[in-house]
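Please walk through this model with the structure open beside the text.

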Amino acid sequence: MSATPADTPVQISNTANRPGAPKGSARTARTRSRPGDLVFKGLSTGAASLIMAILAGVALFLIIKALPAITANWTTNPQLTTGVTQGHSSFWSYVAPLIWGTVFVSAIGLLIGAPIAIGIALFISHYAPRRVAGVLSYIVDLLAAVPSIVFGLWGIFVIRPFLLPLTGWLNHHLGWIPFFSGQASATGSTVLAGAVVLAVMVIPIITAISREIFLQTPRLHEEAALAMGATKWEMIRLAVFPYARSGMVSAILLGLGRALGETMAIALIVSPSLIFSLKILTDGQNSQTVAANAALNFPDANDLQRDALIGTGLVLFIITFAVNLIARLIVARTGPGAKGAKAKRRIQQLPPSDPSSVLLADAEAGPLHLRTSEGS
Amino acid sequence: MKLKNVAAVSAIALVTAIALSSCSSPSSPATTAPTKSAAPTVDLSTLSGTITSGGSSAQANAEAAWTAAFTSVATGVTINYDKSQGSGGGVTNWTGGSYDFAGTDSALNPAQVTAAATTCGAGGGLDLPVYLSGVAIIFNLPGVSKLNLDSKTIASIFNKTITKWNDPAIAALNKGVTLPADSITPVVRADGSGTTANFTTYLSETQPSIWTYPVSTAWPVTGESGQQGGSGVVSTVAAGKDTIGYADQSSVGTATQASIQQGTSGSTFVKYSASGATKAFQQGATTASNGTSGDLTQKFDVTKITSGYPIPLLSYAVVCTTFKDATQAKLTAAYLGFIDSANGQAVAAKNAGAAPLPAAILADVATSLKLVK
């Protein structure tokens, strides 16, 4: 995203070497390193390697702890044939519905949350008066600081009863759609309620990132669109969205990462079953998520069952990793800095924005007074 | 992090519970403090040290009351009981050697007995009954404040054979009550729980032909509304309509309790009472040692309960016979001795709604505690 090429030497400490200073002196400054630089370089390198070590440590811990449960015989091992792991033929038959549930519930949460979040971001960046925008973005950021247990309790006492009438209505009138079928919940502990709370939880993340990206849209793109007679919405569609597309995708995937790992809100709100289910309005046919399942069953699990729960965590770890990887790939391939054919075509829909090509286009079209007189 | 959240909520709930109990009973636990009868051989005020323990959340309110009462006399002692661990976690930490004793709603299973022998040495570990309560059946049916149920209808409701409130089987037990034609929503525990184990024991012992599921800490029937914790079940039953659920008596609060038939026939229907649970223990429980000398594992035969509360809930403390540190052994034995004294049981009854254990079993526990060294 940064416009500064990596090879441009920038030395804040040396006033003579500000950008724009003669190049020769900058080159000599680079070879001269000071103790402060070395210390800072060491610290930041250390921080970077530490995070890798922590990540590797977590992965190693998960693998070592999970292995006994993954390799155990789930039909004969006395520790696994009781309690929470009862009735599963193998680790994979235990974890598969959990993975499905995690992805399913998160996806519905995103389906509800992402459009709202992008709407908020757009309002803040392009519609709201400056003062309102400041307050609003502050409030949305504040939402990210609310602990998930608070969202969980809010879900139990507010969202669950609030959604009950909607649950009944959807089930009664749209029950032929698989999502809304089944015996409608009387308690409100549905996937829908969980997903609504998840949506509220991912909104601050998606909003914050999208807002920053929307604000970075080149002013010239926007003004060019407006100058061509585009309405504000057309301007956003033609100038802002194409520019911010990859940013929005990565914002949504980061939100997905948050939703995948959400534990307490789901554990408190959703009535779980270890099944593959599309239903979102029932009490007894809600697909359970990995994190909520672990939180609910960890306290009463024996050693091997704890290993099994850690094993489900390992699978979630891998999925979250994959989601983030996909987010990175998308950003790398379609980001504003990428040289993909798609990006070029999109920009060509608009008049050129950088001053030199605008001037060039003007020069080609001839002097301004000639054009206006010819046109009229 | 996330598990810490559970602990945080539990802590808030615990503080609230203590606050509530002190509201309802103006006299503090200290008024029934263990001055004389607790452990005659030990002067509690000379004790000092820290007891580290944890496990069953059902016991937690009682543990808080016991801790307050015990430390008011044994002022040098600190007792930590971590209820966020649950029964399984408590036993795991205990066999791992980090707990002085663990609270658990189910006695040690054979695998845990073996593990305990490794941790505790030749003497092994002891199951000592400490906390007696009951599983209450709660419901929310608009317009109905009194509901009679027998074990057969309870089993049929919870295994989803009876699905409507106006089912003839329920109507026959509740003559004169207008039952709606609505669907029943059973609310159960989503997390593994000793309450579930005690409740499924009751169902499978009384109605083996209807309740064909195994006794389990995890709720065995799919397709019902699962909630986290006893308080989750209670709040969902209370907030819902046409709901029925089960919960440890200590978390029931103001929810409406169903009356349960004593025995398998007859017309006596009772709600939970402390004296009823004590009676149930006297009638139904027999000591069935797991083979370790001094072990007091209780086998409940709920079919033998004729005049007590039909669904008792018993929770244990498990402790090593041989401690690495003799001082620690003395301290832990003194605390457990206080819990299983008449005073200790009265403290739990007053502040945590527990039922006092009968004197006979308390004497057995005192004998077993002499083995703890």
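Two residues are in contact if their C-beta atoms, placed from the backbone, lie within 7 Å. The model is predicted. Among contacts in chain B between residues at least 6 apart in sequence, 74% join residues at least 24 apart. Chain B has 373 residues, and 56% of them count as buried. Its secondary structure comes to twelve helices and 14 strands.

Take one residue of chain B as an example. Leu126(B) sits in strand 4 of chain B, which spans residues 125-140. Is Leu126(B) buried or exposed? A residue is buried if 20 or more other C-beta atoms lie within 10 Å of its own. Leu126(B) has 29 C-beta neighbours inside 10 Å, so it counts as buried. Leave out the residues up to four places away in sequence, and Leu126(B) touches Thr292(B), Gly294(B), Asp295(B), Leu296(B), Val318(B), Val319(B), Thr321(B) and Ser368(B). Gly229(B) is 103 residues from Leu126(B) along the chain, and 27 Å separates their C-alpha atoms.

The largest nonpolar core has 187 residues. Val318(B) is among those with the most contacts inside it, along with Ile137(B), Val197(A), Val202(A) and Ile206(A). Which helix gives the most to this core? Helix 6 of chain A does, with 18 residues. Now look at Ile206(A). Leaving aside its neighbours within four places in sequence, it is in contact with Gly113(A), Ala114(A), Ala117(A), Ile118(A), Ala251(A), Ile252(A) and Gly255(A).

Next comes the place where the chains touch. Here 38 residues of chain B are in contact with 32 residues of chain A. On chain B, at least two residues each come from helix 1 (2-24), helix 3 (86-95), strand 6 (185-189), strand 7 (225-227) and helix 8 (229-239). Helix 1 of chain B supplies the largest share of this side, six residues. By class, the side of chain B that touches chain A has nine nonpolar, 24 polar and five charged residues.

Now turn to the helices of chain A. Two packed helices are described by the angle between their axes and the distance between the axes. Start with helix 5 (residues 148-173) and helix 6 (residues 191-215) of chain A. Their axes come within 8 Å and cross at roughly 130 degrees. Helix 5 and helix 6 of chain A are therefore oblique to each other. Their crossing is right-handed. From helix 5 of chain A, Ser148(A), Phe151(A), Gly155(A), Ile159(A), Arg160(A), Leu163(A) and Thr167(A) take part. They meet Leu192(A), Ala193(A), Val196(A), Val197(A), Val200(A) and Met201(A) of helix 6 of chain A. The contact has nine nonpolar, three polar and one charged residues.

The axes of helix 7 (residues 219-227) and helix 8 (residues 232-261) of chain A come within 9 Å and cross at roughly 155 degrees. That makes helix 7 of chain A roughly antiparallel to helix 8 of chain A. This crossing, too, is right-handed. Helix 7 of chain A brings His221(A), Glu222(A), Ala225(A) and Leu226(A) to the contact. Helix 8 of chain A brings Glu234(A), Met235(A), Leu238(A), Ala239(A) and Tyr243(A). By class, the residues of this contact divide into six nonpolar, one polar and two charged.

Technical notes: Residues are numbered from 1 along each chain as its sequence is written. Chains are lettered from A and ligands numbered from 1 in the order in which they are written. This is a predicted model: local features need pLDDT of at least 70, side-chain atom pairs count only at pLDDT 80 or more; totals for chains, interfaces and linings use all residues. Axes are lines fitted to C-alpha atoms, for helices over the stretch in contact, and angles run from 0 to 180 degrees between N-to-C directions. Helices (H or I, at least four residues) and strands (E, at least two) are DSSP runs, numbered from the N terminus. Angles under 35 degrees count as roughly parallel, over 145 as roughly antiparallel, 65 to 115 as roughly perpendicular and the rest as oblique. A crossing is left-handed if the near helix is turned anticlockwise from the far one by less than a right angle, and right-handed if clockwise. Ala, Val, Leu, Ile, Met, Phe, Trp, Tyr, Cys and Pro count as nonpolar, Asp, Glu, Lys and Arg as charged, and the others, Gly among them, as polar. A nonpolar core is a set of buried Ala, Val, Leu, Ile, Met, Phe, Trp, Tyr and Cys residues joined through C-beta atoms within 7 Å. A residue is buried if 20 or more other C-beta atoms lie within 10 Å of its own, exposed if 12 or fewer, and partly exposed in between; C-beta atoms are placed from the backbone.
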